[in-house]
Amino acid sequence: MDQTTPLFKVTAADGSAMHGGSGKWTLNRWRSVRGPLVPCEHGLHLCRVDDLTRWLGPVIWEAEYEGEIVEASDKVVVRRARVTKRL
C-alpha cells in the first residue's frame with residue numbers, strides 16, 4: 001500500500017474512538033503511538049474504502065498517515081496519523 005491509497009477513520013460524533021481505544025481525533029492534528037503495531041491490540045487503526053462497511057459509525061473522516069503501516073484483513077494499523085476532512 002502506498003500513501004496515495006485513500007484511508008478513513010470512523011469516530012463518534014465528538015471525535016472519540018468508536019470501536020475501542022482511547023483519545024479523540026481532531027481535524028489536522030497528528031496522533032502517534034510507540035511500541036509494536038498489532039492489529040486489534042496496539043496502534044492507530046484506519047480503514048481502506050472496502051473496509052468501511054464493517055466499521056460504520058456516526059462520523060467518517062478522510063485520514064492520512066506517515067511511517068510504518070501494518071495491513072490486516074479489515075483495517076490497517078499505523079504509527080502516525082491524522083484526520084484531514086470530515087465526510
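**Close-up views of a predicted model**

D74 is buried (under 20% relative accessible area, with exposed over 50% and partly exposed in between; 1.4 Å probe, protein chains only), at a relative accessible area of 14%. This is a predicted model, where local features need pLDDT of at least 70, side-chain atom pairs count only at pLDDT 80 or more, and totals for chains, interfaces and linings use all residues. Residues are numbered from 1 along each chain as its sequence is written, and side-chain values use heavy atoms, leaving out hydrogens and water.

**View 1. D74 pairs with K75.** Their side chains form a salt bridge (a side-chain nitrogen of Lys or Arg within 4 Å of a carboxyl oxygen of Asp or Glu). The N to O distance is 2.7 Å. K75 is buried too, at 7%.

**View 2. E66 meets R80.** The closest N and O atoms of this salt bridge are 2.3 Å apart. E66 sits in strand β4 and R80 in strand β5, so the pair ties together parts 14 residues apart in sequence. Strands (E, at least two residues) are DSSP runs, numbered from the N terminus. E66 is partly exposed, at 37%. R80 is partly exposed at 30%.

**View 3. R79 meets E68.** This salt bridge spans 2.5 Å, N to O. R79 belongs to β5 and E68 to β4, so the pair ties together parts 11 residues apart in sequence.

**View 4. The largest nonpolar core has 15 residues.** Such a core is a set of buried Ala, Val, Leu, Ile, Met, Phe, Trp, Tyr and Cys residues joined through side-chain atoms within 4.5 Å. W25 and L44 are among those with the most contacts inside it. Strand β5 gives the largest share, 5 residues.

Notes. Helices (H or I, at least four residues) and strands (E, at least two) are DSSP runs, numbered from the N terminus.
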